[in-house]
Amino acid sequence: MDEIKIFDAELRFMNIIWNNEPIKSTELVSIASEELGWKKSTTYTVIRRLCERGIIKNKNTKIQSLVKREQVMRSETQEHIEKIYSGSLKLFFTTFLKRKKLSKDEVDELRKIVDENS
């Protein structure tokens, strides 16, 4: 599953799942009501849709993710870079770095990441 599309509301819902999994669907309904203001029917509809798309599974009323948070982050980041920066990673970083001054530790950490992935 290379490209994972999760909409904003689903992402907020997935964060609840990732932070609490495995989680019983009744507990998920309660948390979604409290944190997202969702009704029970909305929660079960989103559970069904995410199951149909292979993002979560619902077995014996226990919900568990089938995709990791990092997979979604990579997919969403790639889509953002393609859409906004015409696929240019260089333009993405240049734009980002012009807005925020990085500490020496952050620069060193980024260099290490770049070196490891070159």
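Which residues line the largest pocket? Before I answer, please keep in mind that what we are looking at is a predicted model. The residues that line this largest pocket are L89, F93, L97, L102, L110, I113 and V114, and the space inside amounts to about 230 Å³. If we sort that lining by class, we find seven nonpolar residues, with no polar and no charged ones. As for where they come from, α5, which covers 89–99, and α6, which covers 104–116, each contribute at least two residues to the lining.

Let me turn to the second largest pocket, whose volume is about 180 Å³. Its lining is made up of R74, T77, Q78, I81, L89, F92, F93 and F96, and here the elements giving two or more residues are α4, at 69–85, and α5. By class, this lining holds five nonpolar residues, two polar residues and one charged residue.

On the α4 side, the residues in contact are H80, I81 and Y85, and on the α5 side they meet L89, L91, F92 and T95. Taken by class, that contact comprises five nonpolar and two polar residues, with no charged residues.

Now to the sheet, which is open and has three strands in the order β1-β3-β2, with antiparallel pairing. The edge strands, each of which pairs on one side only, are β1, at 23–24, and β2. Between β1 and β3 there are two bridges, and K24 stands opposite K62 of β3. Helix α1, residues 8–20, packs on this sheet and touches β1, β2 and β3, with its direction at about 100° to that of β3.

On the other pairing, strand β2, residues 56–59, is joined to strand β3, residues 62–65, by four bridges, and these two strands run antiparallel. One detail to look at is N58, whose bridge partner in β3 is I63. The hairpin of β2 and β3 has two residues between its strands, and N60 in that hairpin takes a positive phi near 55°. Finally, helix α3, residues 40–52, lies across β2 and β3 and runs at about 115° to β2.

Conventions
Residues numbered from 1 in each chain as written. Predicted model: local features only at pLDDT ≥ 70, side-chain atom pairs only at ≥ 80, totals over all residues. Heavy atoms only, no water. 1 Å grid on protein atoms, 1.4 Å probe; cavity = no way out; pocket = protein on both sides within 12 Å on 5 of 7 lines; lining within 4 Å. Points joined across faces, edges and corners; volume = space filled by probe spheres on them. Nonpolar A, V, L, I, M, F, W, Y, C, P; charged D, E, K, R; others polar. Pairing = 2+ DSSP bridges. Contact = heavy atoms within 4.5 Å. Axes fitted to C-alpha atoms, helices over the stretch in contact; angles between N-to-C directions.
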